[in-house]
Amino acid sequence: MFSLNGSSFTNNSLSGVSRCVTQSSRRGASGPMVVVAAVNSNGKPGDRNVSVLVENSMKESAAAPVEKEIKSTVTGGVGDVYGEDSATEDQSITPWTLSVASGYSLLRNPHYNKGLAFSEKERDSHYLRGLLPPVVVNHDLQVKKMMNNLRQYEVPLQRYIAMMDIQEMNERLYYKLLMDNVEELLPIVYTPTVGEACQKYGSIFRRPQGLFISLKEKGKINEVLKNWPERKIQVIVVTDGERILGLGDLGCQGMGIPVGKLSLYTALGGIRPSACLPITIDVGTNNEDLLNDEFYIGLRQRRARGQEYAELFDEFMYAVKQNYGEKVLIQFEDFANHNAFDLLAKYGTSHLVFNDDIQGTASVVLAGLMASLQLVGGTLAEHTFLFLGAGEAGTGIAELIALEMSKQTGIPLEETRKKIWMLDSKGLIVNSRMESLQHFKRPWAHEHEPVKELVNAVKSIKPTVLIGSSGAGRTFTKEVVQAMATFNEKPIIFALSNPTSQSECTAEEAYTWSEGRAIFASGSPFAPVEYNGKVYASGQANNAYIFPGFGLGLIISGAIRVHDDMLLAASEALAEQVSQENFEKGLIYPPFTNIRKISANIAAKVAAKAYELGLATRLPEPVNLVAYAESCMYSPAYRSYR
């Protein structure tokens, strides 16, 4: 009888043989095993004469080390002190984990449950007779049925909750569902629906999907991390919930963001689910509505600041490396500006860290701009950029554009920055405001008279590219778009703020007000627009194009740090995936239906850059990085349980 590698729970009434032990016996390992008879609650042998094979703790591995099967010739390099070089493939159970093989609990384990897809033989082998209806269906039919059910819901949040239920019931079905219907379901599990889910997370919370680390756990974070059942963690997405999308401080309820991001790491980037860990750092919230909400699930106190916050985060970052090693990727998500830049700068030299709001957004927008040049002509350095919004997203995009222009032209970075202008809540960022500016805004202060209104800044600077990252909806007014269209044959307009209600303008507004001449992209999805008999399909500058493949590239190369050149490589790889057919439809991003292939190509470019920069630890470098990336990707296909 073959068992399942259960890592989420144990049950003394169940039976089976651990996968890792079974594999060891097939390879000729002779280490000792302990056979434990199943017992009932009174300590006597159970009614069913079955047994559980359990690894004899660490003794087995010490007495008879098992040669590990590898799919690639990539070995060696820097010593694998933390045992991280297994990347995205499935892991054997850890020595302290029992294996669950049969019965009712198997149907309650989302990692191994197949529902009606269990075969007749599996139903006999794993004591499932009578627990399931007699019909046996395949994976594809399950997906078809679930999509039919999801489409019955008219409210997006209801679909989100239904997807949560599927994930908690049958993990592989969830990911196959998402991968096979990515364009339809991406707006449900990610933006814009995830924003509403976070706002109502206290009401829809069912079971833990990640770790909640609050001020109560200060001094005990290392032990808290050990409570998570998986040990081979490759990617952590962490938030403190202070700036969730354009919705503000949602405190502990920001957990929906790390959960959603990591679902996409698996579905779009092929990182195995067990290697992903969502974390929310709860230091309180300044949202009075939440503090007064009886269903709020976080600390009921105002946000901690200063030394208390810094000490908690220092402890967290140290504990992560201590538990999961040097090469675990830590993605910062939805931190407020005053923390986002400081955390990235503070830990960027000691940890493998990445801020998707700053760096991921920048990379995906730069890719869209590179692709746009195929439609408008010229080079990046020949264009003038105006940003509405000078926060972490806006300044991150601007810096990466300036870096790319400097790389292409050889002009110093300080000079290429002068092609980029920014307007914040107080008006155009100019030299006369220098003393009052936050440090991350100062590089963008240029010589110009003060300008308060966006439309006046457009008319004065005459940008060829207008980018919105303000979080303020409907700020690209008719007057602003028409002004852009008066001195640009094809004005490039990116309305990036999420969710949809916060978008600076809609696709329909951009195309209508520019008389169909705009090259438009947005952060949230918009339906195709018909104008003067022509259909315009707008692009979505969605970070999901970048971060899953970017993370995969870091993992397969064993990168130990993130470098700006890796972000440029990711942008170039994405821009290269836009086909002539896409351009003819007005698209500057490729369709999401090809996202796994896109992610593999991005991963290959990022990994190649890591090797080039000497930041990769998996040596030697694979000959074909694209093929290697694809071979490492997780598949949601069912396994046969014999």
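Trainee: Is lysine 462 buried, partly exposed or exposed?

Mentor: Buried means under 20% relative accessible area, exposed over 50%, and partly exposed in between (1.4 Å probe, protein chains only). Lysine 462 has 47% relative accessibility and therefore counts as partly exposed. Please note that this is a predicted model, in which local features need pLDDT of at least 70 and side-chain atom pairs count only at pLDDT 80 or more, while totals for chains, interfaces and linings use all residues. Residues are numbered from 1 along each chain as its sequence is written, and side-chain values use heavy atoms, with hydrogens and water left out.

Trainee: What is the phi of lysine 462, and where does the residue lie?

Mentor: Most residues other than glycine have a negative phi, and most peptide bonds are trans. Lysine 462 has a positive phi near 55°; it lies in the loop between helix H19 (454-461) and strand E12 (465-468). Helices (H or I, at least four residues) and strands (E, at least two) are DSSP runs, numbered from the N terminus. Arginine 474 also has a positive phi, of about 55°, and is found in the loop between E12 and helix H20 (478-486). Its relative accessible area is 39%, so arginine 474 is partly exposed.

Trainee: Which residue does a cis peptide bond join to proline 499?

Mentor: The partner is asparagine 498, and omega is about -10°. Asparagine 498 lies in the loop between strand E13 (492-495) and helix H21 (507-513). Because its relative accessibility is 18%, asparagine 498 counts as buried. Its side chain makes a polar contact of 2.5 Å with that of serine 524. Such a contact is a pair of N or O atoms within 3.5 Å; within protein, one must be able to donate a hydrogen and the other to accept it, and residues adjacent in sequence count only if both atoms are side-chain atoms. A cis peptide bond also joins leucine 619 and proline 620, with omega about -5°.

Trainee: How many aromatic pairs does the structure hold?

Mentor: A pair of aromatic rings is described by the distance of the centres and the angle of the planes. Rings of Phe, Tyr and Trp (its six-membered ring) pair if their centres lie within 6.5 Å; planes under 30 degrees apart count as stacked, over 60 as edge-to-face and the rest as tilted. The structure holds 20 such pairs. For tyrosine 201 and phenylalanine 205, the centres are 6.2 Å apart and the planes at 55°, so this pair is tilted. Tyrosine 201, at 1% relative accessibility, counts as buried.
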